[in-house]
Amino acid sequence: MAAKLILGKDVSEAIYSELVDRIGALKAKGITPGLAVILVGEDPASQVYVRSKDKKCKELGIESIQILLPATITQAELIGKIEELNADKSVHGILVQLPLPDHIDESAVIKAISPAKDVDCFHPFNLGKMVIGEADFLPATPAGIHQMILHSGIETAGKHVVIVGRSNIVGKPLAVILMQKGKGADATVTVVNSKTERFAELTRQADILVAAIGRPEYIKADMVKEGAVVIDVGTNRIPDPAAKNGSRLVGDVDFEDVKDKVSAITPVPGGVGPMTICMLMSNTVTAAEMGVSE
């Protein structure tokens, strides 16, 4: 039996439909959600990501504010710009596109963003609220994975989730989300990394296996339990002479090797990818709603 494909496009479209209604309700009160994205320098990948955020804002009716700053900007100048946005009541979400130039301390910049406008949910205050189960919003990619699990009807209560990767962006926050009490959670969570002993023994125990390590096609069929659900967060570009541009995108899971052994799987591309911007939009709308209720 072929594995069910969990597609980010399907899940995100359902969420966008709900967001349109929420944005309409805010506009009826005279409030247009506003997202400010700061891009420092001219990193091509960051430019693509910023453009895609701008496009989605316009589609939904969210005010998109793009702030393009030179790579030579000082840390003090950048933080000064963030403080201006913190004080601007028409801006509900602030996002600083990472990575930043080497002379700027990313941690200091993230901490300068008002927690109420930190729609990336990187601020220590928001991460702390997430850990104790009182989050206003969640980091975008882990939140997107959680929504995919919920929308797909995958049972998590009492299940063993193994997360491969311990990054602050995916692995750690996702572990916290899935171990909370509540729908789409109540899981037993194990986080493994490159130093883990009996690595494959642990991944084979997973009812739900999440791969987020940044190693192309690292997870093979012999590392996965029969009938497991596999969520592939990886986006790796590898050489492919047959492809038009000489390369192709693959995940951290060897999709062809694994797909016939599992019950459900996210493809790359088309799986988790679309969910990150979707949840960023959702967080921006939530931040605008929070501003109304204050």
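The model is a predicted one, in which local features need pLDDT of at least 70 and side-chain atom pairs count only at pLDDT 80 or more, while totals for chains, interfaces and linings use all residues. Residues are numbered from 1 along each chain as its sequence is written, and side-chain values use heavy atoms, with hydrogens and water left out.

**Helix 6**

- Helix 6 covers residues 140–151; helices here are DSSP runs of H or I with at least four residues, strands are runs of E with at least two, and both are numbered from the N terminus.
- From first C-alpha to last, the twelve residues of helix 6 reach 16 Å, close to the 16 Å expected at 1.5 Å a residue (the expected span is 1.5 Å times one less than the number of residues).
- Nine of the twelve residues are buried, so helix 6 is largely enclosed by the rest of the structure; buried means under 20% relative accessible area, exposed over 50%, and partly exposed in between, with a 1.4 Å probe and protein chains only.
- Among the buried residues of helix 6 are P142, H146 and I149.

- Three strands form an open sheet in the order 3-2-4, with parallel pairing; two strands pair if DSSP finds at least two bridges between them.
- Strand 3 (63–69) and strand 4 (93–96) stand at the edges with a single partner strand each, so one side of each is left without a neighbour in the sheet.
- The twist averages 15° from one strand to the next; axes are lines fitted to C-alpha atoms, for helices over the stretch in contact, and angles run from 0 to 180 degrees between N-to-C directions.
- Strand 2 (residues 34–40) pairs with strand 4 in the parallel sense over four bridges, and L35 stands opposite G93 in strand 4.
- Helix 2 (residues 44–60) packs on the sheet, touching strand 2, strand 3 and strand 4, and its direction makes about 165° with that of strand 2; contact means heavy atoms within 4.5 Å.
- Helix 3 (residues 75–87) lies across strand 2, strand 3 and strand 4, running at about 175° to strand 2.

**The nonpolar core**

- The largest nonpolar core has 49 residues, of which I231 and M281 touch the most other members; such a core is a set of buried Ala, Val, Leu, Ile, Met, Phe, Trp, Tyr and Cys residues joined through side-chain atoms within 4.5 Å.
- Helix 10 (residues 273–293) gives the most to this core, with ten residues.
- Leaving aside residues up to four places away in sequence, the contacts of M281 include Y16, L35, K53 and I62.

**The aromatic pair**

- The structure holds one aromatic pair, where rings of Phe, Tyr and Trp (its six-membered ring) pair if their centres lie within 6.5 Å, and planes under 30 degrees apart count as stacked, over 60 as edge-to-face and the rest as tilted.
- F199 and Y218 form this edge-to-face pair, at 5.9 Å centre to centre and with 85° between the planes.
- F199 is buried at a relative accessible area of 14%, whereas Y218 is partly exposed at 32%.

**Individual residues**

- D43 is found in the loop between strand 2 and helix 2 and is partly exposed at 34% relative accessibility.
- K129, in helix 5 (residues 124–131), counts as buried at 19% relative accessibility.
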